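The following note sets out numbered points for a colleague who has the sequence and the coordinates to hand. Each point may be checked against the display below.

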Amino acid sequence: MLRALPALLLALCLACDSTSDDPTPGGEACERFSFPLSAVTASNHVSSCGSTACGNAENPPNSGMHCPTWLQCQSYTTEQPRCSWLHNLEHGHAVFLYNCPEGCADEVAKLEAAQARAAQGSNGVRRALVAPDAQLPQRFAAMLWRRTYLMDSVDPDAIACLLALQDQDAPEPGLLCAP
């Protein structure tokens with residue numbers, strides 16, 4: 001037991017050295033990716049999920065005012081209200097979006113594979129969702145609260161590095177998601 005103590009203390013010190021602004025959560029493998037935090041904005045509930053007050057004025061929004069309801073953690077084939085999945089982000093859920101009017105089944109499958117690697121709630125449900133979004137400025141987005149990674153093609157390595165930050169900055173981290 002005493003021989004293991006120095007190794008344990010070293011591991012704890014290394015873990016304490018990271019901050020929420022650390023863009024390299026997975027060590028050297030993640031150094032090539034950047035997941036900067038967006039500015040802090042008001043994140044209250046709006047009265048209507050159709051409100052134009054939702055979000056933080058980024059495209060796609062990754063924080064800000066949002067609906068009082070959130071979405072089930074699943075893969076959607078129809079566009080979902082941004083105001084709703086913003087609430088998922090507040091709970092520490094990951095959101096994976098795509099904009100492929102011509103179709104992109106192989107790439108959506110990669111997003112769904114990433115969804116299957118997201119943090120799991122105590123109810124066994126992976127805390128992530130996949131949905132189309134016609135307003136994306138690029139074909140794909142991987143998101144956490146106040147963090148967005150835009151891509152022209154799905155990069156599983158980048159998404160894995162982003163998922164290492166899941167729950168780190170969310171105001172209500174770790175909350176369960178219904179299937």
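1. Ala-57 is exposed, with a relative accessibility of 84%. The bands used here are buried for under 20% relative accessible area, exposed for over 50%, and partly exposed in between, with a 1.4 Å probe and protein chains only. Ala-57 belongs to the loop between H1 and H2, and its phi is near 70 degrees, a positive value in a residue other than glycine.

2. The model is a predicted one, in which local features need pLDDT of at least 70 and side-chain atom pairs count only at pLDDT 80 or more, while totals for chains, interfaces and linings use all residues. Residues are numbered from 1 along each chain as its sequence is written, and side-chain values use heavy atoms, with hydrogens and water left out.

3. The protein has 4 helices and 4 strands. Helices (H or I, at least four residues) and strands (E, at least two) are DSSP runs, numbered from the N terminus. Read from the N terminus, the order of elements is α-α-β-α-β-β-β-α. Of the 179 residues in the protein, 44% are buried. Among contacts (heavy atoms within 4.5 Å) between residues at least 6 apart in sequence, 63% join residues at least 24 apart.

4. Which residues have the most contacts inside the largest nonpolar core? They are Phe-35, Phe-96, Tyr-98, Leu-111, Phe-140 and Ile-159, in a core of 26 residues. A nonpolar core is here a set of buried Ala, Val, Leu, Ile, Met, Phe, Trp, Tyr and Cys residues joined through side-chain atoms within 4.5 Å. At least two residues of this core come from each of strand S1 (94-98), helix H3 (105-115), strand S2 (128-132), strand S3 (140-144), strand S4 (147-151) and helix H4 (156-163). H4 gives the largest share of this core, 5 residues. A second, separate core has 18 residues, among them Val-46, Leu-89, Leu-136 and Ala-170.

5. Neighbours within four places in sequence aside, Phe-140 is in contact with Leu-97, Tyr-98, Cys-100, Cys-104, Glu-107, Leu-111, Tyr-149, Leu-150, Met-151, Asp-152, Ser-153 and Val-154.

6. In H4, the buried residues are Ala-158, Ile-159, Cys-161, Leu-162 and Leu-163. Their cover includes S1, H3, S3 and S4. At the start of H4, the backbone nitrogen of Asp-157 has a side-chain oxygen of Asp-155 within 3.0 Å. Cys-161 counts as buried because its relative accessibility is 5%. Although 130 residues separate Cys-161 from Glu-31 in sequence, their C-alpha atoms are 9.1 Å apart in space.

7. How many cavities of 30 Å³ or more does the structure hold? There is 1, and the space in the largest cavity is about 60 Å³. A cavity is a set of points, on a 1 Å grid over the protein atoms alone, where a 1.4 Å probe fits but cannot get out; lining residues have an atom within 4 Å of a point. Grid points are joined across faces, edges and corners, and a volume is the space filled by probe spheres set on the points. The lining consists of Leu-89, Gly-92, His-93, Leu-144, Trp-145, Arg-147, Leu-165, Asp-167, Gln-168, Asp-169 and Ala-170. By class, this lining has 5 nonpolar, 3 polar and 3 charged residues. Ala, Val, Leu, Ile, Met, Phe, Trp, Tyr, Cys and Pro count as nonpolar, Asp, Glu, Lys and Arg as charged, and the others, Gly among them, as polar.

8. Is Arg-146 buried or exposed? Arg-146 counts as buried because its relative accessibility is 16%. Arg-146 sits in the loop between S3 and S4, and its phi is near 70 degrees, a positive value in a residue other than glycine.

9. Asn-59 and Pro-60 are joined by a cis peptide bond, with omega about -5 degrees. Pro-60 is in the loop between helix H1 (4-16) and H2.

10. His-87 is placed in helix H2 (residues 82-90) and is buried, at 2% relative accessibility. Beyond neighbours within four places in sequence, His-87 is in contact with His-45, His-66, Cys-67, Pro-68, Thr-69 and Trp-70.

11. Ala-178 lies in the segment after H4 and is partly exposed, its relative accessible area being 36%. Not counting residues up to four places away in sequence, Ala-178 touches Gln-72, Cys-73 and Val-125. Ala-178 and Gln-72 are 106 residues apart in sequence, yet 5.0 Å apart from C-alpha to C-alpha.

Terms used:
Polar contact = N/O pair within 3.5 Å; in protein donor to acceptor, adjacent residues only side chain to side chain. 1 Å grid on protein atoms, 1.4 Å probe; cavity = no way out; pocket = protein on both sides within 12 Å on 5 of 7 lines; lining within 4 Å.
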